[in-house]
Amino acid sequence: MIDARQLSHEYPDGTTAIRNITLTIEEGERVAVIGANGSGKSTLQLALGGLIDTSTGTVEYFEETTDAEDVRDRLGVLLQDPDDYLFNTTVREDLEYGPAQLGMPRQAAARRIERLADRLGLSGLLDRAPFRLSGGEKQRAAVASVLTFDPDVLLLDEPLGAVDDRYRERILELMTAHEGTVVLFTPSPDLVPEVADRVILVGQNGSAVADGPVREILTDGSLLRDHGLRPPTTVQLFDGILDADEVPLTVSEARKYLSREMR
Ligand SMILES: Nc1ncnc2c1ncn2[C@@H]1O[C@H](COP(=O)(O)OP(=O)(O)OP(=O)(O)O)[C@@H](O)[C@H]1O
């Protein structure tokens, strides 16, 4: 789906944000790109989404093209700042924008928007001006706006930062239910096992320092700490008590483990 070769990017002020990153993301994969603040995740997302011209390297999409504009309708890129998505007069218009750009039939688009608005608690806010939404509402509206046109690949930069637990669950469910490929960029290892089966760790110098199965990377405390992160809370909790191959990665796995043990 996405084949990136030797991506490096230096911003005009001389900051090198990503260094020589090569990665391939296959159809249907669920990948989390993790890294500390400033490690280069957002820059990598912009590069994979074809929104910056990197200093070096190429990205090939769907074995077809290296020009993201040719496949814009197949890429759902959610940037970190919801304000980048919400620029129309009302939330409804923002949600209608993507499908309209792509020529989706009006009725199908309306049904999709209604369903997403319902799932994300936006139904009562559709006629509101986006700048009059709360931070979490804006983020939910931005998530809805990339899902409206059902892209083959979702590239989501921290889609959960501002939302409360109820909508966090809903967004995770929508990500899990998405039939295509999902790439989540996040500084929070805790989130990763909820959505991904593969992790790419970006080190603080902007290079990809590890790429592998979720359990292998998230239970490697020293690797994560070396790059400014910590293992998920449950892994920390069971550190030294359970082996890496049995340690619960999520709260629900931990509950199952404890209820079995305490029976
Ligand atoms: N427009 C810019 N001009 C100059 N430097 C930038 C620019 N945007 C980001 N950087 C720098 O590039 C590096 C990588 O930033 P990036 O936003 O990609 O990191 P990140 O991993 O997404 O961080 P966070 O977790 O804080 O969102 C940082 O050192 C940052 O200061």
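Of the 14 residues around the ligand, those that come nearest are Tyr11, Ala17, Asn37, Ser42 and Thr43, where a residue is taken to be near a molecule if its C-beta atom, placed from the backbone, lies within 6 Å of it. The model is a predicted one, in which local features need pLDDT of at least 70 and side-chain atom pairs count only at pLDDT 80 or more, while totals for chains, interfaces and linings use all residues. Residues are numbered from 1 along each chain as its sequence is written.

Helix α1 (residues 41-48) supplies the largest share of the shell around the ligand, namely 3 residues; helices here are DSSP runs of H or I with at least four residues, numbered from the N terminus. Sorted by class, the shell holds 3 nonpolar, 9 polar and 2 charged residues, with Ala, Val, Leu, Ile, Met, Phe, Trp, Tyr, Cys and Pro counted as nonpolar, Asp, Glu, Lys and Arg as charged, and the others, Gly among them, as polar.

A further feature is the packing of two helices. The axes of helix α2 (residues 91-101) and helix α4 (residues 135-147) come within 7 Å and cross at roughly 25°, the axes being lines fitted to C-alpha atoms over the stretch in contact, with angles from 0 to 180 degrees between N-to-C directions. The two helices are therefore roughly parallel to each other, a term that applies to angles under 35 degrees. On the α2 side the contact is made by Val91, Asp94, Leu95 and Gly98, and on the α4 side by Ala141, Ala144 and Ser145, two residues being in contact if their C-beta atoms, placed from the backbone, lie within 7 Å. These residues divide into 4 nonpolar, 2 polar and 1 charged.

Within α2, the residues Val91, Asp94, Leu95, Glu96, Gly98 and Pro99 are buried, and what covers them includes α3 (106-119) and α4. A residue is buried if 20 or more other C-beta atoms lie within 10 Å of its own, exposed if 12 or fewer, and partly exposed in between. Tyr97, which also lies in helix α2, counts as partly exposed because Tyr97 has 17 C-beta neighbours inside 10 Å. Just after α2, Gly103 takes a positive phi of about 75°.

Met262 lies in the segment after α10 (251-261) and, with 6 C-beta neighbours inside 10 Å, counts as exposed. From C-alpha to C-alpha, Met262 is 46 Å in space from Thr43, and the two are 219 residues apart in sequence.

Conventions
Parallel < 35°, antiparallel > 145°, perpendicular 65-115°, else oblique.
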